[in-house]
Amino acid sequence: MSDSSPLPPVRLHPEAELARDALSTPLLARAARLARWAGPDTRVDAGGGLVEEQLPAAAAVLGLSGDDAAAYASEAFRVAVDTGLVEIVDEDAGTVAVGADLALLTGGSPQDVLAVWLVALETVLADASVPDLDDLVDAMDAGGEIDLSTLDWDPEADAEFLDGVLGNLYLLTVSEDGPGDTPVPLPALAASMIVPSDMGEPTNDVLEQVSDAMMRLDDQFRLLEPVGLVEYHPVDEALMADVEAAEEAAAAVDDTDVSRYGMVRLTPLGLYGLRARLLEAGFESPAVGDLADKGADALLDGTATFPQAAAHAETVQWLAGREPLAAARELLAAARGLDAGAPLRRLRCQQALSLVGAEAEPALREVLDDPELGGLARVWLTEAGFSDVPPPSQDLVFWLTVDTLAAQLAAEGNSDELRALVEGLAAQHSGFFAAAWRVEHPATADVLEAMGRLHPDKKIAKEARKAAFKARSQQGG
């Protein structure tokens, strides 16, 4: 995943709701309970973990029993130390005290609670990239040092792989054409990291790698669920010992059996957490609502690359805090310009104005004679049902057509919708290209070249290319 371009905008739940979710996650709730339990007699080892002889008592406090009770208690106490809920007073003596951050869970702001949760998340993510404890013991030499070469473990590579998987899961969740809240099959997620995009039929070696990755991710998602990052339906235990079945799952999963191979989805809290990590790593990861308190110029520029639904949601929030007529005037002022981004700003402006009521009429009438906004204003007034809308000149019609096509080209590229629009224009106006190349719009040549690429009729495409050449010559290019 590249950090050079913005990620799709994410719709986050309110911070107060996310903070409540964080407090109710099993791991943070256990850590807080152990922080309140810890006292003068509590002892930790050299690594800051609860000493082994006190683990049964800690497990009992948490109401845990069974073979994994001590391990769960140990993990919760370590998270309590890492998050500042418990503070080590004397490392030599191994004594602890209540940490200052424990009070944040009950008396702090939602941001304070989420900050504590994010630290807990980092602790769990670090643990998820560590091999099984039994493997670590086997790799330990007589001197107590771990020989990583015997583990076939590259800590940095493993952490990067998990980050990549979570990044892909984030993208799938926030993309408009992705599954959204629908759980993602584990084989598909593993394959997204291993199978090359240009590979037709995966080789046996690749399928084996995907199978191995599935088993590793199954362990990791089991660890990540208690901290609230994901909801996870684990791999069917019967498949664990059946390597052939796992490799078949990696190749193709029958929809009726898809849940047997593991299903995962990010929680609302998980979306918040991964976005925070992406921002920390330098990615541009917008959230719907970020622009609500910004000016119209920031709204139009910021939503320029948003998918349609996200742009609509962002604009609704922006308009909610403004008086309609003033908002319309601000939007129109921000839509002016002859730079490369101006056509798309005007398209977003037009879409925003469609959400404003009749109170905006004076603002639109004020710009009827504006060469850049007059066409947009006429469209709005007509569609809103107002009378006495002056007809546009032919020059204005052609200018608005070029501006609209330039905006669509910037927003969607060579899409099917744009192709249909190009075909419709050429069919309705037999002399379109003869007049269009004369339009004094900075994007005229680019639009005509795009029409030449997109139109399926070779003769019409050739006309478009000729017109583009004339337009470029006229512009001195």
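**Stop one: the sheet**

Select β4 and strand β5 (residues 261-266): five bridges join them, and they run antiparallel. Helices (H or I, at least four residues) and strands (E, at least two) are DSSP runs, numbered from the N terminus. This is a predicted model, where local features need pLDDT of at least 70, side-chain atom pairs count only at pLDDT 80 or more, and totals for chains, interfaces and linings use all residues. Residues are numbered from 1 along each chain as its sequence is written, and side-chain values use heavy atoms, leaving out hydrogens and water.

Now click Glu231. Opposite it stands Arg265 in β5.

The open sheet has three strands in the order β3-β5-β4, with antiparallel pairing (two strands pair if DSSP finds at least two bridges between them). Which strands stand at the edges? They are β3 (184-185) and β4 (230-235); each has a single partner strand, so one side of each lacks a neighbour in the sheet.

**Stop two: a helix with two faces**

Select α21, residues 416-428. This helix has 13 residues. Colour Leu418, Val422, Leu425 and Ala426: these are buried (under 20% relative accessible area; exposed is over 50%, partly exposed in between, with a 1.4 Å probe and protein chains only). Look down the axis of α21: its buried residues fall within an arc of 95 degrees, so they line one face. The arc is that of the directions from the helix axis to the C-beta atoms.

Conventions. Expected span 1.5 Å × (residues − 1).
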